[in-house]
Amino acid sequence: MSSALPPVAPASWTYAESFVEEDDLLAAARARAAEVGVTPIGSGGGAMLRFLASVLEARAVVEIGTGTGVSGLWLLRGMRADGVLTTVDIETEHQRLARQTFSEAGIASQRARTISGAALDVLPRLTDGHYDLVFCDGDKTEYAAYLAEALRLLRPGGVVVFDNALWHDRVADPARRDEETVAVRELGRDVAARDDLVPVLLPVGDGLLCARKVWVPESD
């Protein structure tokens, strides 16, 4: 028998989503996102990213999908003062706007490394086991490939996070069989089934799927 509680009322969801308020710098980054047609992570999801980066005392973070710097700024604000964010995006104009966001927020240029290119071309060039957190907000059909790369990049105890894990309420509806929905749904099943991950699916924004990489001893 399911032990699920009744759905959260819309007013309570809105209250929780905006519990950590965004400042003018994040608002400006969101305005830039609207201008170029980018949908950034919501405020609740951003607060969760900052929380995770803070708990992990993250020194090295990878972000797939720079956008205009909304999620990147949340991450940087949770990371150690000497932490470096490596953020990847195929759109150079978006990254220019993200650098503007970081600069306005007083983030030193050496703390935000922007790399232009397709994620699956860039990620294999990054160092194995070096990163504390990997945040994925790119092509949903590539999420399974991002997971494989994240597991290589993360140190034991590191965390991988996928945005849009509920994908506009489609993932929970088995009748939805479009390519992106199926990819996100299958990712969730894979993450939940793995022995080397401790997963949680949070109904924050459009859903955040988080998983901690654990050390699994090799069998004889």
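Visitor: Leaving aside its neighbours within four places in sequence, which residues is Glu-149 in contact with?

Guide: In this predicted model, Glu-149 touches Leu-123 and Pro-124 once its neighbours within four places in sequence are set aside.

Visitor: Where is Glu-149 found?

Guide: Glu-149 belongs to helix H7, which covers residues 143-153.

Visitor: Is Glu-149 buried or exposed?

Guide: Glu-149 has a relative accessible area of 16%. Buried means under 20%, so Glu-149 counts as buried.

Visitor: Staying with H7, how do the axes of H7 and helix H8 cross?

Guide: The axes of H7 and H8 (residues 179-193) cross at roughly 35° and come within 9 Å.

Visitor: Which residues of H7 and H8 meet?

Guide: From H7 the residues are Tyr-143, Ala-144 and Leu-147, and they meet Val-184, Leu-187, Asp-190 and Val-191 of H8. Six residues of this contact are nonpolar, none is polar and one is charged.

Visitor: Let us turn to H3. How do the axes of helix H3 and helix H4 cross?

Guide: Helix H3 (residues 43-55) and helix H4 (residues 70-78) have axes that come within 7 Å and cross at roughly 30°. Angles under 35 degrees count as roughly parallel, and H3 and H4 are therefore roughly parallel to each other. Their crossing is right-handed.

Visitor: And which residues make the contact?

Guide: On the H3 side these are Ser-43, Gly-46, Ala-47, Leu-49, Arg-50, Ala-53 and Ser-54. On the H4 side they are Ser-71, Trp-74, Leu-75, Arg-77 and Gly-78. By class, this contact of H3 with H4 has five nonpolar, five polar and two charged residues.

Visitor: Which residues of H3 are buried, and what covers them?

Guide: The buried residues of H3 are Ser-43, Gly-44, Gly-45, Gly-46, Ala-47, Leu-49, Leu-52 and Ala-53. Their cover includes the helices H1 (10-17), H2 (24-36) and H4. It also includes the strands E4 (131-136), E5 (154-163) and E7 (208-213).

Visitor: How far apart are the end C-alpha atoms of H3, and what span should its residues give?

Guide: The end C-alpha atoms of H3 are 18 Å apart. At 1.5 Å a residue, the 13 residues of H3 should span 18 Å, which agrees.

Visitor: How many residues of H4 are buried?

Guide: Eight of the nine residues of H4 are buried, so H4 is largely enclosed by the rest of the structure. The buried residues are Val-70, Ser-71, Gly-72, Leu-73, Trp-74, Leu-75, Leu-76 and Gly-78.

Visitor: A new topic: where does Asp-132 lie, and is it buried or exposed?

Guide: Asp-132 is part of strand E4. Its relative accessibility is 8%, and Asp-132 counts as buried.

Visitor: Which residues is Asp-132 in contact with, leaving aside its neighbours within four places in sequence?

Guide: Asp-132 contacts Leu-56, Ala-58, Arg-59, Ala-60, Leu-154, Arg-155, Gly-158 and Val-159, with neighbours within four places in sequence left aside. As for Arg-185, its C-alpha atom is separated from that of Asp-132 by 25 Å, and the two residues are 53 residues apart along the chain.

Visitor: Finally, at what angle do H2 and helix H5 pack?

Guide: H2 and H5 (residues 92-104) pack at an angle of about 170°, and their axes are 10 Å apart. Angles over 145 degrees count as roughly antiparallel, and H2 and H5 are therefore roughly antiparallel to each other. The crossing is right-handed.

Visitor: Which residues make that contact of H2 and H5?

Guide: Leu-25, Ala-29, Arg-32 and Val-36 of H2 make the contact with His-94, Leu-97, Gln-100, Thr-101 and Glu-104 of H5. Four residues of this contact are nonpolar, three are polar and two are charged.

Key:
Residues numbered from 1 in each chain as written. Predicted model: local features only at pLDDT ≥ 70, side-chain atom pairs only at ≥ 80, totals over all residues. Heavy atoms only, no water. Axes fitted to C-alpha atoms, helices over the stretch in contact; angles between N-to-C directions. Helix = DSSP H or I, 4+ residues; strand = E, 2+ residues; numbered from the N terminus. Parallel < 35°, antiparallel > 145°, perpendicular 65-115°, else oblique. Left-handed = near helix turned anticlockwise from the far one by under 90°. Contact = heavy atoms within 4.5 Å. Nonpolar A, V, L, I, M, F, W, Y, C, P; charged D, E, K, R; others polar. Expected span 1.5 Å × (residues − 1). Buried < 20%, exposed > 50% of the residue type's maximum accessible area, 1.4 Å probe, protein only.
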